[in-house]
Amino acid sequence: MCGIVGYIGHAQAAPIILEGLKRLEYRGYDSAGIALIKGSGFSVTKQTGRVDGLSQSIPPDFGGGTTGIGHTRWATHGGVTDDNAHPHISSDDKIALIHNGVIENYAAIKRFLITKGYEFKSETDTEVLANLIAYHFAKEPAATDDSSRLLNSVRKTLHHVEGTYGICVLCADHPDEMIAARRGSPLILGVGQDEMVVASDVAALVSRTQNVVYLNDGELVAIKGASFTISTLDATGVSPVIDQVDWTVEDTDLGEYDHFMLKEIFEQPAALENAMRGRFAQDGATAMFGGLNLTANEIRGIERVMFCSCGTALHAGMVTEHLIERFARLPVECDHASEFRYRNTPLFAKTLFFVVSQSGETIDTLAAMREAQRKGFKVLAINNGVGSTIAREADGGIYQHAGPEIGVASTKAFTSQLVLGAMLALYLGRIRDMSFREGTEIVTALKQAPDLVRETLKLAPQIEQIAKRYAHVEDMLFLGRLELFPIALEGALKLKEISYIHAEAYPAAEMKHGPIALINEQCPSVFIVPANELFNKVVSSMQEIKARGGPIIAITTAGAELPDGLADEVVRIPQSHEVVLPILATIPLQLFSYYVAVERGCDVDKPRNLAKSVTVE
């Protein structure tokens, strides 16, 4: 969840590291810091707050070094203080280190190091790593060429560590070297022209190079000058695979928009087109996925489907559950990935697992995938992170191709997951018992989705005005039925994430079973009430709210006739096929949460206490 940047090359390191940290700030923004090797020691500056504040406070004489590391923090161990900010320097001033992850046995290691005379200035688990590396470095005999001393010290340290880490290490005695290692936290090596960049996300290095090496768990990279070697914890050499990043630094710029969230909301038509491109059969009656690595006969043998994911991705899985059960007649279960990994869930032998993760690095989802694989199940992934850990370890899957998503609150990645879920329901249905005619109807509807989203986005000025009228409230309810209940969950989550308004979601018919006690004039309810077979049922729930004085915001479809005066606000989205309706219903909820947050003066792209990619438990 923290942002890591390391640079070693020919240029001044500080501006490159600061630029990288700025692009990674969505991964953590409690504090930031940078350390450069200068002469025979380190030049360090760090402080609480944002990267811009760090940049403005750097002393004029700070720069000049061509090797350095930088970090933007999302606090786990220890409060948000200058001392707890990274980088951390060992008490003998030999080692500088930045870290993403959690060291579970740090307390025991810390007690040991204190007996050896090492001192600690912070409350973090990370400082323990810096001092333990320094301890092993002091004991490590110099090699013939002295090139492996630092690497050996890091390797010995990591053998003692329990937990997760992505680390980048510098040593004052080896100013032309950098060591990086990972277990459970993403780390990427960028291979440039006579320079190397280490980062926790490709966004930090695409301005320097498109050539990257994705480190696997248990691997270390030793960089010396313009060369590098990769090895495992047991010192086995690894042949690197250099991949090409398929997007550029311009893709992570704001352009004409005030916030990344708004930019990404309006990028959704293109994201949907990219997700569907080349994935429909020539007969126009089904979807095609080249990466599932399953034959039609194997798919026909599936008797159950299970989705494991977290947060927004779980909501996408819940919508997909409804569509697969509706069109493929397969029982589907959705589970929180964080719970699945610890539950002793009875599992059916002929179950196909899916994990859903925008980043492909969500630690709970990754652990759930590994647990299912350990039990002998094939696990497929839906994710947006090409080269991510989940993408590389899954048995197959579907890339979203939504492009980089910088805003912490997911928007285009979510609707991309929704369209892929609908295509998956179509694909499974056509292999099983869906007719050619129904398949062509769904394909036609999905192809229309981008234009219908463009039409829905035209509602932004109306939704902005509604948001201004309700931005003062502190509680809201979101209600929908069947495949639109997960959309209500997503609407409530978005509002909570970026405006800090308490919001809950329920199936509309569940209101009378308790939540209706919350209704008053200061608690608005947002109903998703399309013109479908449950329209009158949802209207009845709305009338129960209205009778108790609760304000109502209705998101309905064109042509639906709501009783006069029932809703205080009415937002009409285009009428559409049921596989497209969840996507369209999502757009007003995203816009509403965005405009409410702006009206309340919240930091939309960097909401408090949150980070984009959750890589720690």
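1. The second largest cavity is lined by Ile463, Ile466, Val526, Ile553, Ile555, Val571, Pro588, Leu589 and Phe592. By class that makes nine nonpolar, no polar and no charged residues (Ala, Val, Leu, Ile, Met, Phe, Trp, Tyr, Cys and Pro count as nonpolar, Asp, Glu, Lys and Arg as charged, and the others, Gly among them, as polar). The space inside comes to about 70 Å³. On a 1 Å grid over the protein atoms alone, a cavity is a set of points where a 1.4 Å probe fits but cannot get out, and lining residues have an atom within 4 Å of a point. Points are joined across faces, edges and corners, and a volume is the space filled by probe spheres set on them.

2. Before going on, the ground rules: this is a predicted model, where local features need pLDDT of at least 70 and side-chain atom pairs count only at pLDDT 80 or more, while totals for chains, interfaces and linings use all residues. Residues are numbered from 1 along each chain as its sequence is written, and side-chain values use heavy atoms, with hydrogens and water left out.

3. (Helices are DSSP runs of H or I, at least four residues, and strands are runs of E, at least two, numbered from the N terminus.)

4. β24 belongs to an open sheet of five strands in the order β22-β21-β23-β24-β25, with parallel pairing (two strands pair if DSSP finds at least two bridges between them). β22 (502–507) and β25 (569–573) are the edge strands with a single partner each, so one side of each has no neighbour in the sheet. On average, neighbouring strands here are turned by 15° against each other, direction ignored.

5. Six bridges join β21 (475–480) to β22 in the parallel sense, and phenylalanine 478 sits opposite alanine 505 in β22. α18 turns up again here: it packs on the sheet, touching β21, β23, β24 and β25, with its direction at about 135° to that of β25. Helix α16 (485–499) lies across β21, β22 and β23 (525–528), running at about 175° to β22. (Contact means heavy atoms within 4.5 Å; axes are lines fitted to C-alpha atoms, for helices over the stretch in contact, and angles run from 0 to 180 degrees between N-to-C directions.)

6. Now the largest pocket, with a volume of about 800 Å³. A pocket is an open set with protein on both sides within 12 Å along at least five of seven lines. Of its 41 lining residues, Val202, Trp247, Asn384, Gly385 and Pro404 are the closest to the centre. The lining of this largest pocket divides into 16 nonpolar, twelve polar and 13 charged residues. α7 (268–276) and β15 are the elements that give two or more residues, and α7 gives the most, with three.

7. β15 (243–244) is also an edge strand, in an open sheet of eight strands ordered β3-β2-β4-β1-β10-β9-β11-β15, with antiparallel pairing. Towards β3, strand β2 (31–38) pairs antiparallel over eight bridges; alanine 32 has glutamine 47 in β3 as its bridge partner.
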